[in-house]
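Biologist: Could you walk me through this model, starting with the overall fold and then going into the details?
Modeller: Gladly, let us look at it together.

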Amino acid sequence: MKDSDGILALLQDIKEMLFGIALLLTGIALCLVGAVVNGWLGILLAVVGFIVVVAGLGYVHHGYTHHEVVEKQD
């Protein structure tokens, strides 16, 4: 593995974690709006928000545990 491969893997992990955090915040916002809105639209927003939160958790977990960068001493 070249030296730049470890850096690229680390950047990919950071990108996945940031995307997961964005999904988490969006899902939480949808759930909160769904809790305020009455009727079937509120239930729909809450369900969609919950699905987005679960997807965000998956991205954060995958980005956090995906790669391990090991530096070799010459």
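Modeller: The protein has two helices and zero strands, where helices (H or I, at least four residues) and strands (E, at least two) are DSSP runs numbered from the N terminus. This is a predicted model, so local features need pLDDT of at least 70 and side-chain atom pairs count only at pLDDT 80 or more, while totals for chains, interfaces and linings use all residues. Residues are numbered from 1 along each chain as its sequence is written, and side-chain values use heavy atoms, with hydrogens and water left out.

Biologist: How much of the protein is buried?
Modeller: Of the 74 residues, 20% are buried, and buried means under 20% relative accessible area, with exposed over 50% and partly exposed in between (1.4 Å probe, protein chains only).

Biologist: And which residues of α2 are buried?
Modeller: They are G42, G49, V52, V53, G56 and G63.

Biologist: What span should helix α2 have, and what does the model show?
Modeller: Helix α2 covers residues 40–65, and at 1.5 Å a residue its 26 residues should span 38 Å, which agrees with the 38 Å between its end C-alpha atoms; the expected span is 1.5 Å times one less than the number of residues.

Biologist: Where does T65 lie?
Modeller: T65 lies in helix α2, and T65 is partly exposed, with a relative accessible area of 45%. Although T65 and D13 are 52 residues apart in sequence, their C-alpha atoms are 8.4 Å apart in space.

Biologist: Switching topic, how many aromatic pairs are there?
Modeller: A search of the whole structure finds one aromatic pair. The pair is F19 with Y59, which is edge-to-face, at 4.9 Å centre to centre and 85° between the planes. Rings of Phe, Tyr and Trp (its six-membered ring) pair if their centres lie within 6.5 Å, and planes under 30 degrees apart count as stacked, over 60 as edge-to-face and the rest as tilted.

Biologist: Which parts does that pair tie together?
Modeller: F19 lies in helix α1 and Y59 in helix α2, so the pair ties together parts that are 40 residues apart in sequence. F19 counts as partly exposed at 43% relative accessibility, and Y59 counts as partly exposed at 36%.

Biologist: What about I7, buried or exposed?
Modeller: I7 is exposed, with a relative accessible area of 54%, and its place is in helix α1, residues 3–36.
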